[in-house]
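Student: I would like to go through this model term by term. For each label, tell me which rule stands behind the word.

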Amino acid sequence: MDTMDRFTFLDTNTGEKNHSLDTLFPGWNGHDERVMVYCGHDDDAILGASYVIQACIEDGAEVFVTIACSGHCGYSTPEEKDTIVDKRRAEAYEGYRLLGVPQDHILRLELPDFSAQSYVGLLIDENHREGHFRKTITNLRENKITRIMTTNPYHEHVDHTAAYIMGAYDAPQAGDAHSVDWAEPYPVKSVAMFSCWAEFDPEDAMVSGRKTEVRANVAVAVTEDVEAKTMESISAFSSQKAIIEDLCRQRAGRKLADGRFLECYIKYDPRPKFNYEPYKAMF
């Protein structure tokens, strides 16, 4: 079996299935691609985007991960409070290593938990303290990122929404000719989002004419070994066991009758052009 045969992508609008990441990232070009995954917390991308991370690496792309928050609230016993950040940092490096993402491809913004939105933007107060924007744009440009994955901002977590904003609103600025002394502008080709646990916004389904119970416009079915690798990676986050155990149990709901497992995404245009044609036709 070809390694990419383990990943079957579905376009939910057309029903077309194939083994190509082009379904999620139009114009995909394997070894020339560099994918950035934005997540609010260190385990988010593994919980919601592990299959696409593995597929990208299998197909020769480089994968990078931006983790917004430090994880300082992620302790389940009082004794862990003073050590949890260091522990989670080490767990994240190990968890992503197991997926094939090296430590130097992980950017930690170390923002306080439940507060990442307060750091959205370039300057965040009257004293001109910097938010994450400059670091985000510089990192995208220097690493020549071609594709973006963001967390789902719909009914999940305030820090997931902040990570979504980094990808959906800030990332397109990486290719614009501004602040060029930070790093040479480099355009991102396309953007998609993954879900950590909640359903997606029904907007894309409604606009595209799908039933609203099919909110993702791309899904992937993977073989059992891909899910096993994901679970191995999740197990690296031993400090989070009590916090994410329910999410891990819910993963059984991803299983298809043939033994494969599902992961779903929405590809979207973060900077859509206004279409005047329908209005012009009315005059």
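Student: What makes up the secondary structure of the protein chain, and how are the elements defined?
Tutor: The protein chain has eight helices and nine strands. Helices are DSSP runs of H or I with at least four residues, strands are runs of E with at least two, and both are numbered from the N terminus. The model is predicted, so local features need pLDDT of at least 70 and side-chain atom pairs count only at pLDDT 80 or more, while totals for chains, interfaces and linings use all residues. Residues are numbered from 1 along each chain as its sequence is written, and side-chain values use heavy atoms, with hydrogens and water left out.

Student: How do you know that the radius of gyration agrees with a compact globule?
Tutor: The rule is 2.2 Å times the number of residues to the power 0.38, with the radius taken over C-alpha atoms. For 283 residues a compact globule would come out near 19 Å, and the protein chain has 19 Å, so the value agrees. The C-alpha atoms fill a box of roughly 65 × 55 × 35 Å along the principal axes.

Student: What share of the residues is called buried?
Tutor: Buried residues make up 50% of the 283 residues. The word means under 20% relative accessible area; exposed means over 50%, and partly exposed is in between, with a 1.4 Å probe and protein chains only.

Student: What share of the contacts joins residues at least 24 apart?
Tutor: Among contacts between residues at least 6 apart in sequence, 78% join residues at least 24 apart. A contact means heavy atoms within 4.5 Å.

Student: How far apart are the mean positions of the positive and negative charges?
Tutor: They are 1 Å apart, for 30 positive and 47 negative charges. Lys and Arg count as positive, Asp and Glu as negative, and His and the chain ends are not counted. Each charge is placed at NZ of Lys, CZ of Arg, CG of Asp or CD of Glu.

Student: What is the strand order of the sheet, and when do two strands pair?
Tutor: The open sheet of nine strands has the order 2-1-8-9-7-6-3-4-5, with mixed pairing. Strand 2 (17–18) and strand 5 (106–111) each have a single partner strand, so they stand at the edges and one side of each lacks a neighbour in the sheet. Two strands pair if DSSP finds at least two bridges between them.

Student: Which pairings of strand 1 (residues 7–11) are antiparallel?
Tutor: Strand 1 runs antiparallel to strand 8 (residues 218–222), with five bridges, and L10 stands opposite A219 there. Strand 1 also runs antiparallel to strand 2, with two bridges, and F9 has N18 as its bridge partner. Strands 1 and 2 form a hairpin with five residues between them, and G15 in the turn has a positive phi of about 80 degrees. Four of the five residues of strand 1 are buried.

Student: Why is strand 6 (residues 147–151) called largely enclosed?
Tutor: Five of its five residues are buried, so the rest of the structure largely encloses strand 6. Both faces are covered, with R147, M149 and T151 on one side and I148 and T150 on the other.

Student: Why is P187 called exposed?
Tutor: Its relative accessible area is 53%, so P187 is on the exposed side of the cut-off. P187 is in the loop between helix 4 (158–170) and strand 7. Leaving aside neighbours within four places in sequence, P187 is in contact with I145 and G175.

Student: What is the phi of F114 and of H128?
Tutor: F114 has a positive phi of about 60 degrees although it is not a glycine. H128, also a residue other than glycine, has phi near 65 degrees. F114 lies in the loop between strand 5 and helix 3 (133–142), and H128 is found in the loop between strand 5 and helix 3.

Student: Why do F114 and H128 count as exposed?
Tutor: F114 has a relative accessible area of 53%, so F114 is exposed. H128 stands at 56% and therefore counts as exposed.
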